[in-house]
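Hello,

Here is the structure I promised to pass on. Please take a look, then read my notes below.

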Amino acid sequence: MTMGEKMRHFVAEILMGSIMVSMVLLTSCSSTPKTTDGSDARVKDEQNLPLYYDFGDVLVPRELNLDAKSSFVYHTSGFTAGVLVFESKVERASLIEFFDNNMAKDNWRAVSAFKSPRTLLLFQKENRWCVINITDHDWNTMVEIWVAPFNGHSGSGLLQ
């Protein structure tokens, strides 16, 4: 085989390889259903939407992972109270902003906040308190969401 023949053979192999890769890519792309109304994008967005857990008016970012063993929730016909514990790699500042924005949307009134590596956000509603404790750890962030009843009278603050 001459040098020219070797070169043509080499170029032909590269072209065949390129064609095969292109066909695989085109086939895999065409198998993914696409719509013109953007519904495939909508499904992806819905997977990132925040969630309501046991407290139906405290929105939680989907990136937080529930620690069921550390959580405790008490349900009765009149109210739900307890603590939900979450862990994540979400930054503390982002979580503070999320809760500040979304608690107001669910008609919680911000009462006070202590912001440091351990942040406490205190919210109040007609008959309940919500304390959100956000703590930075070395590798993750822990979030505790406490909801407790409140009777509205001065004094102990507990239901009697």
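A residue counts as buried when its relative accessible area is under 20%. F86 has a relative accessible area of 0%, so F86 is buried. Keep in mind that this is a predicted model.

**The aromatic pairs**

How many aromatic pairs does a search of the whole structure find? The search finds 4. One of them joins Y53 and F86: the ring centres are 5.1 Å apart and the planes stand at 65 degrees. Planes over 60 degrees apart count as edge-to-face, so that is the label for Y53 and F86. The two residues come from distant parts of the chain, 33 residues apart. Y53 sits in the loop between β1 (51–52) and β2, while F86 belongs to strand β5.

Another pair is F98 with F99. Here the centres are 5.3 Å apart and the planes are at 85 degrees, so this pair is edge-to-face too. F98 has a relative accessible area of 16% and is therefore buried. F99 is at 0%, so F99 is buried as well.

**The nonpolar core**

In soluble globular proteins, nonpolar side chains tend to be buried together. In this model, the largest nonpolar core has 22 residues. Which of them touch the most other members? They are F99, C130, I132, V143 and I145. At least two core residues come from each of β2 (59–60), β5, α3 (92–105), β7, β8 and β9. Helix α3 gives the most, with 5 residues.

C130 is worth a look on screen. Leaving out residues up to four places away in sequence, C130 touches V58, M103, W108, L121, L122, F123, I145, W146 and V147.

**The strands around β9**

Strand β9 (residues 141–149) pairs with strand β5 (residues 80–88). The two run antiparallel and are joined by 7 bridges. Within this pairing, S88 has T141 as its bridge partner in β9.

Strand β9 also pairs with β8 (residues 128–136), again in the antiparallel sense, over 9 bridges. A hairpin of 4 residues connects β8 to β9. V131 has its bridge partner in β9, namely W146.

Start with T141, in strand β9. T141 has a relative accessible area of 5%, so T141 is buried. What does its side chain reach? The side chain of T141 reaches the backbone oxygen of V90, at 3.0 Å. Residues up to four places away aside, T141 touches F86, E87, S88, V90, L95, I134, T135 and D136. F86 is the ring that pairs with Y53, and S88 is the bridge partner of T141.

Then go to Q124, in strand β7 (residues 118–124). Its relative accessibility is 15%, so Q124 counts as buried. The side chains of Q124 and R109 are joined by a polar contact of 2.5 Å. Again setting aside residues up to four places away, Q124 touches N107, W108, R109, V111, W129 and F150. W108 is also touched by C130.

Best wishes

Note on methods:
Residues numbered from 1 in each chain as written. Predicted model: local features only at pLDDT ≥ 70, side-chain atom pairs only at ≥ 80, totals over all residues. Heavy atoms only, no water. Pairing = 2+ DSSP bridges. Buried < 20%, exposed > 50% of the residue type's maximum accessible area, 1.4 Å probe, protein only. Polar contact = N/O pair within 3.5 Å; in protein donor to acceptor, adjacent residues only side chain to side chain. Contact = heavy atoms within 4.5 Å. Core = buried A, V, L, I, M, F, W, Y, C linked by side-chain atoms within 4.5 Å. Phe/Tyr/Trp six-rings, centres within 6.5 Å; stacked < 30°, edge-to-face > 60°.
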